Amino acid sequence: MSIGSCDLEASGAFPAGVTVRHPRPSDHAVLQGALTDWWGGQGGEAGGQQRRLLLPRLFLQHFSETSFYVERATALRAFLIGFLSQSDPETAYIHFVAVHPEEQRGGLGSALYRRFFDVARGHGRSRVRAITSPANRNSIAYHTRMGFRIEPGDRTEDGVGVCTDYDGPGLDRVSFVREL
């Protein structure tokens, strides 16, 4: 099932004045810049490098049909990188989402999530999963507001289930699931 650019604009779920399209490999440098700039230096250079490593070009080559790139006047304002699980035919996964700091609380993030939920449903998926860092309290709160349930971890931190070493030693994560 392919998603054409007409379908991207048809739902009207996005704020006026933005263009929504699928990302292309040629967008990689712009996305890498956003991963450096939009976090206000959080984690220093090491934090920026860790974010950039989470989005290699292969996501733009192999998962573009389930990912979205939002522009306003040709400038990147938000993006969502997601895919359909090949191992679990009921599941879709949101790998990375970001909204430019000037655009936050303007509806772009929610519109991206709703668009991805629609795509996942269209492919017969009944749940969406995502993860975040336990230190990212804003992300935890946002996912909860978007209807995600925090899955139990092997320990609790500030009342939240945390999966210790989820992505390797010292890389703990909070795991979410949302039924569609």
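My notes on the helix and then the sheet follow.

**Ground rules.** I worked from a predicted model, where local features need pLDDT of at least 70, side-chain atom pairs count only at pLDDT 80 or more, and totals for chains, interfaces and linings use all residues. Residues are numbered from 1 along each chain as its sequence is written, and side-chain values use heavy atoms, with hydrogens and water left out.

**Helix H2.** I looked up which residues of H2 are buried (under 20% relative accessible area, with exposed being over 50% and partly exposed in between, 1.4 Å probe, protein chains only). They are His28, Leu31, Gln32, Ala34 and Leu35. These lie on the same side of H2 because they cover an arc of only 155° around the axis, taken from the directions from the helix axis to the C-beta atoms. Ala29 and Asp37 are exposed on the other side of H2.

**What the buried side touches.** I found the buried residues of H2 packed against H3, H4, S2, S3 and S4, counting contact as heavy atoms within 4.5 Å. Helices (H or I, at least four residues) and strands (E, at least two) are DSSP runs, numbered from the N terminus.

**H2 with H3.** Gln32, Leu35 and Thr36 in H2 meet Gly48, Arg51 and Arg52 in H3.

**The sheet.** I read an open sheet of 7 strands, ordered S1-S2-S3-S4-S5-S9-S6, with mixed pairing; strands pair if DSSP finds at least two bridges between them. S5 and S9 pair in the antiparallel sense over 6 bridges, and Ile131 has Ser175 in S9 as its bridge partner.
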